[in-house]
Each structure stands twice: as structure tokens, then as C-alpha cells.
Amino acid sequence: MMIRAIAPRRPSIFPVSALFRALPLRRRPRNSGRAARGPTMIITGIETVPLRIPFRAGTRSASSAWGDSNLPAADSLLVKITTDEGLVGWGEAFGFRAVASAKLAVEQLIAPLCLGKDATRIEPLMLDVQQKLHVFGRGGALAFAISAVDIALWDIAGKAAGMPLNRLLGGGVDALDCYASLVRYSEPALVKASVRQAIDAGFRTLKLHEIALPAIRAAREEAGPDGELTLDVNCPWTLHEARQMAKELKTIDLKWLEEPLWPPENFEGLAELRASGVPIAAGENVYTLMDFERLLGAGAVDFVQPSPAKMGGISELRKIFPLAAIHNVPVMPHSFYDGPGLLAAIQATAALGSADSMIEWRWFDLEATIYGDALSPKRGRISVPQEPGLGLDPDPDVVRAYRWK
């Protein structure tokens, strides 16, 4: 659905900015007795673009994603923002079964607060949105929707500046290490086959989503003693249960154990588990800067995993890197998606990440991908797109073919 502004409201005063001062944007006339306004670019349209891309029939993912036979496709929600200067930005909300809720949040809650506003004032606008909508929650589908809008605005900022976001954020490397993030197969034979495929594709580090020891041991057997394995169990265990599992997992030699505890905000429990000698990763289900400070301050993790399509987009993601550096914890962004949210993780990590940071590459076998062949790892490394903004726009043919209600 496209939502457009009927009559653009006057933009807020834009503070002097080295970036936008140099941009060839329209200037509004001065009004007598009012402060001069800087360059502005008005948000004129916000469109939600839900996609449903099926798994290829008969492949490793078609019937085994998360062990859920009722999940035959990877649903995602893109958000397209247009401006009166003709620039277009793309964002992404975390998808799957949350697409409909995030779509509603964009259309009914967030878009009315953004239409007619100045697209160049991203963080003040996003702060205003968060403050006005906080009564509806600080996480979940609403946070996913805010993330998508924020990412799209940063895409526009990079395009307006004529540079990729990694440079706009003050740094930039040409390529990043990435790891293959596998779905859950449960059956040891399927686990072995997928591990072998990922290793043969050049990945040196793999993430499992298994929860049963036979499947995890099968992965280690196939990867060999030198293969680097991580394990994301998606918050299933009490602290007591996790301690028992940790005893078994120590023999498997994991790079990290991800989100082992329920509830995920049990940061003190994570710290206790970490003290037992198992490296811990978490952060995908953390939504605010204050909660990331609690997570890191508790000494709960060896790796922190902010998710740009969940926790507020690039505006919030970029704050985590210096915070994590204070605690000597590498940032490993959660990016289990393959649209603008993935590009947001790549661009921010290229600018702000450490030598230890890696990108999560969703090891799915889909009928199509949002960027076609334009974005793909080679031998466990991914090139950072260098075109302005996020670096790539979604393939219009894929959008047309897989767009749903």
C-alpha cells in the first residue's frame, strides 16, 4: 500500500550540516521574522511492499525450515519511501509471520507521523516517532516497522550525498567475512548434507539452529575439528537446563552458543552461563540502547548481535558499535534476512565494525532473492556495495513476481 501526503507540512528547522549543506536540494523561501531554513527534502510517499518467496521444491529448505512444515516460503516486508526531490529509499522489517503486523504498523501508526516531514532530519524524526508510539510497545512488530522506515531514510541520505552508507558513516572496508546461517533440519543426515554444501561453497564459519545433540554432533563430525561452528537455539532453556546442555556442548567446541535462555532478557542468567566457560552471543531480541547497555554491563556476552531490521534501523545500530567497544565485545549483527536490512548490517559493519565482526548470510535455497545475483558471498567473503545509499535497490522483476497483498 502506498500512503502519500496530501499537503506537505512545513519542515522543521534543519541544523547546519556539512553533509546536507553541500547537497543541491530545494531551499524554502525565508519568512519575515523567522530563522533561515536549511536544505530540506520532504517525504511524500511511504509504501509497504510485502514479498513471499517460496523455497525451491525438493531442496534442503523446502520442508525443513525451523522444522516447520507450515512455513513453505520466506516472507519479508520492504518499505519504499519517496521524496519531493525524486529520491527513493528502501527499508526492511523483520519478516516471516510478523509481516502483516509490521505492515499495519507502518501504514496506520508510522506513516502519518512521517509524511510531509523533512527526510534529511532522520534521527530527530525517528525519535519523535518512538516517543509518540512508545505506549504501543518498544519492541516486536512496531520496532520492526520503525526499523524499516529508518533504513529507507538512511538509503535516501546516502543517495543524496552520492556515497555508500559505509562512507557516510565515516569509514569503510571493501569486503567482510560472513558465515552461513543454516535453517533447522533436526535429522542428522540432513544436517550433514547442508554443512557439506556450505563448506563446499567456501564458508569457513557456519551457524546451526539445531536443538538436539545428535544433530549438533553430526554437524561437528561433518565440519571436522577445524570447522568453526556456532549454535543458535532461539531461547528454549531455563538456566538449569542450559547448564546441563553446556556440559555436553563443550565437547563440540562452539565459537558461541546463541540465545540459550528463556526469557531472552535474563541477562544475569546469561552471565552465569558464560562464567561456566561457554562463549555466549545474544542481542537479536534486544531493542533499546539502554537494554544493550544492561546486556553488556552484565558481562553476559562474548559477542553482541544487534538486528537492524528489528531494533530501530541504522540510527540505533550505529550506536551499538562504540558501546560494544567500551566493553571489548565484538559486534556480530543479526541479519537473518536478505533485503535492505541485510545491506544495512553490511554497510554499518563495514564502517564501524572491528576485525572480528562478521555478517550473517542466510543459507536458504529460495526461488529468487531480492537483489538477484548482485549480492552474493564468494569463499566466505562478501563485497560491500559501493553505489550511493545502501548500494543496491531491490530487483524490480523479483518485486513484481513475488509481491503479495
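Me: Why is tyrosine 337 called buried?
Reply: Its relative accessible area is 3%. Buried means under 20%, exposed means over 50%, and partly exposed is in between, with a 1.4 Å probe and protein chains only. Tyrosine 337 is therefore buried. The model is predicted: local features need pLDDT of at least 70, side-chain atom pairs count only at pLDDT 80 or more, and totals for chains, interfaces and linings use all residues. Residues are numbered from 1 along each chain as its sequence is written, and side-chain values use heavy atoms, with hydrogens and water left out.

Me: Which class does phenylalanine 94 fall into, buried or exposed?
Reply: Phenylalanine 94 has a relative accessible area of 14%, so it is buried.

Me: What makes phenylalanine 94 and tyrosine 337 an edge-to-face pair?
Reply: The ring centres are 6.3 Å apart and the planes stand at 75°. Rings of Phe, Tyr and Trp (its six-membered ring) pair if their centres lie within 6.5 Å; planes under 30 degrees apart count as stacked, over 60 as edge-to-face, and the rest as tilted.

Me: How many aromatic pairs does the structure hold, and which residues form a cluster?
Reply: There are ten aromatic pairs. For phenylalanine 55 and phenylalanine 364, the centres are 5.0 Å apart and the planes are at 70°, so this pair is edge-to-face. Ring pairs link Phe55, Phe94, Phe96, Phe144, Tyr287, Phe336, Tyr337 and Phe364 into a cluster.

Me: How do you know that a charge sits over the ring of phenylalanine 94?
Reply: The charged end of lysine 310 is 4.3 Å from the ring centre. The criterion is NZ of Lys or CZ of Arg within 6 Å of the ring centre and within 35 degrees of the ring normal. Arginine 52 lies over the face of tryptophan 404, at 4.1 Å from the ring centre.

Me: What puts the buried residues of helix 3 on the same side?
Reply: The residues concerned are Ile122, Leu125, Met126, Val129, Gln130 and Leu133. They cover an arc of only 135° around the axis, so they lie on the same side of helix 3. The arc is that of the directions from the helix axis to the C-beta atoms. An α-helix has 3.6 residues a turn, so residues three or four places apart point the same way. The buried residues of helix 3 pack against strand 2, helix 2, helix 4 (140–161) and helix 11.

Me: Which residues touch the most other members of the largest nonpolar core?
Reply: They are Leu153 and Val304, in a core of 130 residues. Helix 4 supplies the largest share, 14 residues. A nonpolar core is a set of buried Ala, Val, Leu, Ile, Met, Phe, Trp, Tyr and Cys residues joined through side-chain atoms within 4.5 Å. A second, separate core of six residues includes Tyr179, Trp256, Phe303 and Met358.

Me: Why does asparagine 234 count as partly exposed?
Reply: Its relative accessibility is 32%, so asparagine 234 is in the middle class. Asparagine 234 sits in the loop between strand 7 (228–232) and helix 8 (239–249), and its phi is near 60°, a positive value in a residue other than glycine.

Me: What is the class of asparagine 328, buried or exposed?
Reply: Asparagine 328 has a relative accessible area of 70%, so it is exposed. Its phi is near 55°, also positive. Most residues other than glycine have a negative phi, and most peptide bonds are trans.

Me: Which peptide bond is cis?
Reply: The bond that joins tryptophan 262 and proline 263 is cis, with omega about 0°. Proline 263 is in the loop between strand 8 (256–258) and helix 9 (267–275).

Technical notes:
Helices (H or I, at least four residues) and strands (E, at least two) are DSSP runs, numbered from the N terminus. Contact means heavy atoms within 4.5 Å.
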